[in-house]
Structure formats: C-alpha cells, structure tokens
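Student: I would like to learn how to read a protein model. Could you take me through a few features, one at a time?

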2 protein chains.
Amino acid sequence: MPVYKAPVEDVMFLLNDVFPIERYNNLPGFADATSDTVEAILAEGAKLCEEVFAPLNLSGDQEGCTRNPDGSVTTPKGFKEAYEAYAAGGWMGLAAPDEFGGQGLPSVLNTIMQEFVSSSNLALGMYPGLTQGAIAALIVHGTEEQKKTYLPKMIEGTWTGTMNLTEPHCGTDLGLLKTKAVPNGDGSYAISGTKIFISAGEHDMAENIVHLVLARIEGAPAGTKGISLFVVPKVLVNQDGSLGERNGVSCGSLEHKMGIHGNATCVMNYDGARGWLVGEANRGLNAMFVMMNEARLAVGVQGLAQSEVAYQNAVAYAKDRLQGRSLTGAKFPDKPADPIIVHPDVRRTLMSIKAFNEAGRAFIVWTGLNNDIAHRSSDEAQRQVAEDYMGLMTPVAKGVLTDLGFDNAVKAQQMFGGHGYIEEWGMSQFVRDARIAMIYEGANGIQAMDLVGRKLGKDGGRAVMTFFNEVGAFCQENAGDESLKPYIAPLQQGLGHLQQATMWFMQNAMAKPDNAGAGATDYMHLFGLVVLGYMWARMAKAAQAKKAQGNGVAEKMDAKLLTGRFFMERLMPETATRLALITTGADTTMAMPVEAF
Amino acid sequence: MPVYKAPVEDVMFLLNDVFPIERYNNLPGFADATSDTVEAILAEGAKLCEEVFAPLNLSGDQEGCTRNPDGSVTTPKGFKEAYEAYAAGGWMGLAAPDEFGGQGLPSVLNTIMQEFVSSSNLALGMYPGLTQGAIAALIVHGTEEQKKTYLPKMIEGTWTGTMNLTEPHCGTDLGLLKTKAVPNGDGSYAISGTKIFISAGEHDMAENIVHLVLARIEGAPAGTKGISLFVVPKVLVNQDGSLGERNGVSCGSLEHKMGIHGNATCVMNYDGARGWLVGEANRGLNAMFVMMNEARLAVGVQGLAQSEVAYQNAVAYAKDRLQGRSLTGAKFPDKPADPIIVHPDVRRTLMSIKAFNEAGRAFIVWTGLNNDIAHRSSDEAQRQVAEDYMGLMTPVAKGVLTDLGFDNAVKAQQMFGGHGYIEEWGMSQFVRDARIAMIYEGANGIQAMDLVGRKLGKDGGRAVMTFFNEVGAFCQENAGDESLKPYIAPLQQGLGHLQQATMWFMQNAMAKPDNAGAGATDYMHLFGLVVLGYMWARMAKAAQAKKAQGNGVAEKMDAKLLTGRFFMERLMPETATRLALITTGADTTMAMPVEAF
C-alpha cells in the first residue's frame, strides 16, 4: 500500500520564514491565523488525509464508480464516509464567509489543504474541490436568494456542486455550445442538452447536487457572447429550503477513463431541467471564469500533489530495495546488496522531483496569499497588484505544475523498475491520475496561449513588468551576499532569458501571431522555471537567515539549501534551450501542407 | 477505433535512398532482398498488421488475459488466430536460418516488421517477439540437439519462447538470483524457484512453450559468475520430437499491469522442472545477453512504434476536430470552426513527433543493417566495426527511443483534450503500453549506465571514436553544400557538445565514478539527439539528391526536408542543456543525507 505523509513542516517553513503569514494580519480572516493556529489546523487536515483519504486511494482506483440501472451512481467503498468526515471537519468552508457557515480563514490554507487532499486521494478530493469552485462562483455572481438557498448547504457539505461546460463537439471552443435555455415565464428556464466530462456529476455522497451549467438562451447571439450561466439543482428546492421533486437532469453514463476512477465522470442529460440564471444573461463565461480560475489553480496544485506523493513512495522504495552496489564501493557490505538510493541516477531522479516539489509548494503558497490579497485587501493598489499577479500566474501554475507533476510521477514510477508497472504498487495510479491534470480546466496548450496571447499584453504588460521588476530587484538586493550567489546568478540568467523571449514576442508576434502560438508552450515553461527559481532564491535566503539563528535547524536548512542548489544546477539551465526554441519562430512549424502530416 | 497504416513508403525511402540495401548484396540473404522484393514483403507485413493485428489492439487491452483455475491462461479474443496468421505467413522465421525452416532474409526486415507489429498491437506482438529472442539465443548457444529439437517448431510458430530472469528480490542485480538447478544425473537438471514478470509465460496460442531460465547450479559460485542458462519446455519433448508429459513449471498468477493487458505477464513457478543447460555452466549471463541485446533493440523499436501509431491517430483527430479559429483568420469560414491542426501549438506538437519518428525509423534501419553485418559478414574488420556499433547503439536505441516514444504518446494523447483520457479513443492505451518499454529489458537508467560505464570505454573507446569520426567526416564532406547547411551546422554543434561531454567524463569520472552515474541519463539523451540528428542529415542529403532526379517526388522530399529542419530547430538545441547538466557533476546529487530525502 502506498504511503503518504502531508508536508506540514515544509509548509510551516514557507508560512513562518519565506512568506511570513503574520505580515498579512490586516486582511480579514488573517488575524485568527497565527502561526500556531495554522499549524494546528494543518495538522488536523494532515491527519484526515493520511488516515482517512489515503487508505482509500488504491481501492477507489480498483473499484471505480458504478452507474446503477436507475441512473444513480455508487462511489467506491468508503468514499461516502470519508467525504462526510471532510465535511464534518468544516474543511469545505474553511475559507468561505462566516455568514454562510464558513470559517472565514485565509484561502491560502484551503489551497494548502488541497495539496494534502489531492496527494492522498485525488479522485475523492475532486468531489469537495468542485463544490468549492461552485461556491466561489455563487458568492461572486449569485443573487442573494441563490446564495441563501445554496451556499449554507454546500458549505456544510450536505450538497455538492459541479461545473458543466463541455459538450461532445465543444471543449475549448465554448462558443460552439448548443445546450438551450428556454424561459419558463416564472423566472426559471428549461435547460436542455447534453454535457460531457462532468466530474462528480452524479454520486451517492450528498443529498443534492448543484449543477452550474452553461447554456444559450433562446435567441441569444451566436458564439461566446450568447452564453449564460445557470444553477440547476439535481433535486428542486422548496421555498422553505427543503428538498422537493427531482429535476430533469440525470447521468446518462459514466466515462471509462485512464485514471481518477474513483471520481464519477458523467455524461449529463438535461431534459427541460429547471434552472435559474446566475449573473447577467449572455455573460455566462464571465461568471464561469470565477470558478474556472479557482479550478485552474486547484488543478496546478493537483499536479504538485501527485508529484509529492509519487516522490514519497519512490524514496521509501529506494531506501528499501536492495540491488547492486554503490559505484564507490559497497555501502552496506553486510547486506546482499546496497539500497538503490546509493546509485547516482536514482538520486538525481529523486533530487529533481524534490527540488520541483518544494519550489512548487512555495509557488502555490505565494499564489494563495496573493489570492487572499486580491479578494480581501481594502487597499485598491495592493489588490490590483495581486489581481495582476493572479491573472499572470494562473496559467503558469496550471500548465507548468501539471506538466512537471506528471513527468515526476513517471520518474518516480521508474524507480520501481518492473514493480512500478504493477497496479498493486500504486505508482501506475499516480501517473494515470496525474495525467488528467494536464488536460482538464483547459488543456495545457490553452494555458500557454492564455499566458502569451492574453496575459502578457494585458494593461500594456503591467503584470509581467511588475513580476520582472520584483525578481530583478530581489536579485539586485541580494547580489552582494556571497552565500546566495549559487541561487541569484542562475536566477538572473533565467530571468534574462525570459525577458529576451518576451521581447522577442513583442517584436515578432504582433505582425505574425503564429510566432506567439508556436512558442507559447516553451514560453510557459521558461516562465515556470523562472518562477520556481525565484521561489528557490527566496527560500534560500530564508533558510540562510533561519540557519544563522541557530535553534538546531541547521541540518534541515542545509538540506533545503542543497536542494535549491540542485534546482539551479540541474533544472534551471533549461531556460536557455526554451529561449532558443522560442526564437526559431513559426516558419517550419506552419509550413507543412496538411496532407503531408 | 484507432487507425494504423504501416509506414512502408518511408521505410522504402530509407532502404532505397538513405542506406541503399543493394549495397549489402554480398551478405548472405541479401541477394534475394532486392528493393522490389523487400517492398512486396513489407506490403504483406503491413497488411497483416493493419487488418489483423490492429483491430484487436483496443479489445485486447479491454479484455486482457485470464488465468483459469487449472493454471492455463486464455488470451483475448482473436489473439490466437492472429498469432496463427503471423506464424503461417512465415514471419517468425523471416530472418532465421534456412536449415531450421527460416527464410534467411536480412534481419533488418524483421526489425522493420517489429515496428509494424508493435504499432498495431504491442501486447500481441510480444508473443512472437520473445520467441524470436529465444530462437536467437538457441542458435548461438544451443547444442546441436537442442537446436534440432526446438528451433524448427519455434520457427514455424507451433511453439513459443520466453526469457526468465527476474525474481521477486532481483531484477537488475541478477547476481542475487536464487532459482536452483540440481543435476538429475541424466544430463538434465531439476529447476526450482519463482520467476516474476515473465511475458508470454503461459498462454493458449502454442502447443508448447520453451522457457529459457537463469538458475544457479548447486554449489556454483555466488554472484553473477554462478548463473547458468537452461532450456525448460512447458511440455517435455520425446526422443522422436513428439510432446510427452507436462513439465514441473506453471503459471502461479498473472500480474495486474498498467498496460500491455493482452500479454500474459506471469509469475512462473518452477518445481523441480526438468531443464537442460544452454551454453557453458556458470556462463548463463553471457548466453542470455544474446537474447537480451536482441530484445533491447526490439524494445527500442517498440518505443518508436507507439510514437508512430499515436502520431497517426493524433493527426487524424487534428484534421477532424473543429475547435477555435486560426490565429491568422478563419481557414474554413464555412465550417463552425477550423480543424485544430491550424493551431501552431498543435502543429508544433505533431511536427516534433513526426521529426522524431522519421529519424527513429532511420536509426533502427541503420542499426538493423549493422546487426546483419555483425552476424553475416565474412569480412572480419567490417564485422568488428558493426559489432562495435551494435554494442554502442543498443543502449541508446533502447533508452532514447523508449523515453521519447513514451513522451510522444503522451503528447499525441494531449491533442485529443478530454477525449484523450477516455479509454475508448485508444490514446490512453498507447501511453500505458509505451510505458513498459522504458522499464523492461533493463530500465532506462541501466541503459544509460551501460552506455557510460561499459560501452564508452570499451576497447579504449574504439566504438565511440569510430562513431564520432563517421559523423565528423560526414559533416566535413558536406560542409560546402549550401542546401545542407540547415542540417550540418546544428549537427556539428550537437556533435561538439557530445564530444565535450565525453571528454568531461574522461577527465572527471575516472577518479570519481559518481560523476559518470549522475550524468549518465543526460549523456544517453545527448547521444541520442546526435544520432537522430545524424540520421536527419543523411536523410536530408538523400532527399536533396532524390528531389534533383525529378520523378514527381518533389513534394514528398520537400516534406522530408522540412521535417528535418524542424528537428534541427526544435529538438537539437537540447544538446546544449544536456551538456550543461552533465558538467555540473555529482556533488549536489550525492551530498544529501539519506534521511533528508
């Protein structure tokens, strides 16, 4: 059975030393989030994930979900009870407003908890995860009545939520969607159409399921400007809040997927189901984007989470599996062979995953804090900086953390040799589960286009310039610190490559947009490396400071500093190649006649 | 249902124009292999793969193999008949000696056929694939009687073969193996022990299964020097060649694997089974290596094969799926959206797979020809060069083609968006099947160590120096050809990086072997890029020449030349990063205390 231990200590280093959470105590909800309280909360969350969620991961994969003849869906054994434990612990509303039953704590804590949940059981974690996305959309765009009707039940976990975008002929290109909404005359609409790939679309965990559905009001303009968002409960809600009759929505079938078998991925049939408009008519994409941005960040976290749990298991195996001898002579001559962690290629692999995980975690914590500022700060200027940051970093977090998270799961699986290919060891599941994160909530190619095509040029490049200035200033401020040189110098070089790539787009992509398209994925990864490198530089600085204080943390901080050096030596150099690829432009990419492929 | 068309035309370009097969007609078996004959043979092979093997791929994955209560194993519906069609077509013995019923044709044709077979149905192709490996080992190391007993039946396909190396506690480190062989006093041995991960270990396709088994003769020295190879038939063979009683070997269980579900991966229990020594006592690894080297090359081919079939399906989808509009304006304004092949990121992805596939195919053809020279040439000097080449390139072909083959299957799957994650589309299977090729026949980290630790320094570096000289000479000879500049210049740069890396190992790895271990995987990939780049340079030269001849091939040759330029611009630049990583050395990789992982 795979192992999992939530990295609470690593998170506390980030929240105490790298991005001290106490600096944010002027934000609503942060006053209660002292370091001690946060640690206690996370310890509770870790316990739930380690003891309840993780033990159901492999069995949930093997059992999968079942659609019964009546259209109901049974989730794997133990999932319902685990979900109830999650709900009972108040985790659904950890960062939700008090007025609807939430705890109002910083949303960064929820982001951190999402990592633990996704590491321990991604398929199970998606049920509350999607609910949180739906909650976020209703908070921003719902009417007061909708909020009152749905939010308390969703926050207490009695009802869950979903997002319904995709149709058989349209995924990325939502302008093509056909699901129809016809006014019933009573303020509600009759929703008809078929949605596919609806995660948690039907299941046995909750009394009701609140579907947020994109549809086109009869007579609305074609394309994306004619799409509206509706709330469509599985069971209609009476005036007094009690459950009424079943609505005209049902699960037509379950998809057979490569992974996340424990999550019910449904084809949902809407057959004149009653729904109510959320936000303005024809502005549905706008409303859905609130949910989608939350979800994209959460998916980035899933990528990191799979990398982390795969790493932990690969380390355990590498310490245990005896095979061959160290190149520098037997390390355990009394044993029949050395543990494989003595082999440089094994170590290199483990170190590169570790170096990614710790920087990725810093990235999501830093992003989570910015998310809180963007939503909670009363200082408009500060809020704008944070919003800019979120816009810029959401595609980077989603695209880079999931691409590398998957690669790392594959690398970790490789450490097991043939055993990695056998399902009972659990490594195959991490790979199969991690694979979806590169696809859903906008395939990573779309994230790259979002970054390059939309986010870079937005507001005259304000967001990206702010980021470049921040990293540049950090490098300059610390240039004199000899002990930080192994971090600052490579970061500066990487930043230089990123700036050159950005400049190249400015000079070459305006007249010829294909140049942006052909370089977008490389640019996203170049960007990601600079972000992760910046995270390492900040962690190194904090680690040096912490080490200087003594307190017996020298060994831990040395490990941190060493891992950061490994990142700079072994992962950061890729920025040069990425720049080289970007600046080749689109010519050879676009020249091939379609029939010659 | 996924599509597959065997790339016969591309192969014929290689055999007619790049590595003209007619130049080899002094080798045994090549006189009959005229271009026309070869094309006719491959067209037959293509037909079998496209029409019989491919249609069973998805169903075989979904059905898998079943172990029955009596220990027999049932393969998926249709597999037995497809295998019989393969055997009846004479494919098993395509390159095997006439005296045992083979066709004696060049083994490069078998290598090419392995690509088609592995693309169309990897799990099914493994049954004959392993048999061919066992045939190769028996030809080299079997006694005359063993050859007479087993080879004709195996070559006609009535019996299949397996290789039994791995035990629960030993995979890479075969020195640890425990399976025992006790002399029976009649020339046979009683073999006892448990072998795991035995592909095609038990099935319903053949009358008998010929297991080649590594075991330790009672009293043999510990470690790898006490291992012997035995032939252990599932059913004992009578003096007259008829089948006798069942031997003491059986399938204890089937593994639940991530992929290749149609292949029976068995735990094999040997319970005093009668076996006969193959080759010398205690020299079993030597004998097994014949089989293993064949198998490693075949596994490299599997990596390419999965990349090819995944590519073909991604292209078909990208031409068909309508989503979004071209960045340069609608290409199909009459349709609701453009096919996604208009998008630069999609094209970049498809081009990079195509650029790999065509070079990978050249690599295996070139290697296949060298394999023929090594085995068939009467010129000792020529044979030695080819043997050197095979020793050097086997780990590169296995490691690089399978790593990149898997990556490409993942990229191709990504083109499908959410549909790529749904099993019915078949893309998940290509990824899951491709994954094993990175693991079996020596995990790719082992291939890298074999290359760096054994092959580089062998015979004073003779093989690697010959290769460097060959590529260097090719560059020099063609330096004056302006039309080849886009290929030669990047290749020269890549070769320079590879030579620098090699030099760095010579200077830094003797005293500190960890420096070799920590850089081995990067070195293997750097090596692979130079090999593939060299293949492209040779193909470009041949394409220019062919284009100059006219004959209406200009469009095809232009596509070839463009794909090669893409390779040079978009894949080759990675050599710089690989060199940078190698020369960082092992310090940060090895410094972490084990408990800090």
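Tutor: Start with strands. Two strands pair if DSSP finds at least two bridges between them. Helices (H or I, at least four residues) and strands (E, at least two) are DSSP runs, numbered from the N terminus. This is a predicted model: local features need pLDDT of at least 70, side-chain atom pairs count only at pLDDT 80 or more, while totals for chains, interfaces and linings use all residues. Residues are numbered from 1 along each chain as written, chains are lettered from A and ligands numbered from 1 in the order written, and side-chain values use heavy atoms, without hydrogens and water.

Student: In S7(B), what is the bridge partner of B:Val213?

Tutor: B:Phe230. Strand S6 (residues 208-217) of chain B is joined to S7(B) by 6 bridges, and the two run antiparallel. S7(B) also pairs with strand S11 (residues 265-278) of chain B, antiparallel over 3 bridges. There, B:Val231 has B:Trp276 as its bridge partner.

Student: Which way do side chains point from a strand?

Tutor: In a regular strand they alternate between the two faces of the sheet. From S7(B), B:Ser228, B:Phe230 and B:Val232 point one way. B:Leu229, B:Val231 and B:Pro233 point the other way.

Student: Are the residues of strand S7 of chain B buried or exposed?

Tutor: Buried means under 20% relative accessible area, exposed over 50%, partly exposed in between (1.4 Å probe, protein chains only). In strand S7 (residues 228-233) of chain B, 6 of the 6 residues are buried, so the strand is largely enclosed by the rest of the structure.

Student: Where is A:Asn263?

Tutor: In the loop between strand S10 (249-254) and strand S11 (265-278) of chain A. A:Asn263 counts as buried because its relative accessibility is 1%. Contact means heavy atoms within 4.5 Å. Leaving aside neighbours within four places in sequence, A:Asn263 has contacts that include A:Cys65, A:Tyr127 and A:Lys257.

Student: How many aromatic pairs does the structure hold over all chains?

Tutor: Rings of Phe, Tyr and Trp (its six-membered ring) pair if their centres lie within 6.5 Å; planes under 30 degrees apart count as stacked, over 60 as edge-to-face and the rest as tilted. The structure holds 35 such pairs over all chains. Take B:Phe416 and B:Trp425: their ring centres are 5.8 Å apart and their planes at 70 degrees, so the pair is edge-to-face. B:Phe416 is buried, at 5% relative accessible area. B:Trp425 is partly exposed, at 38%.
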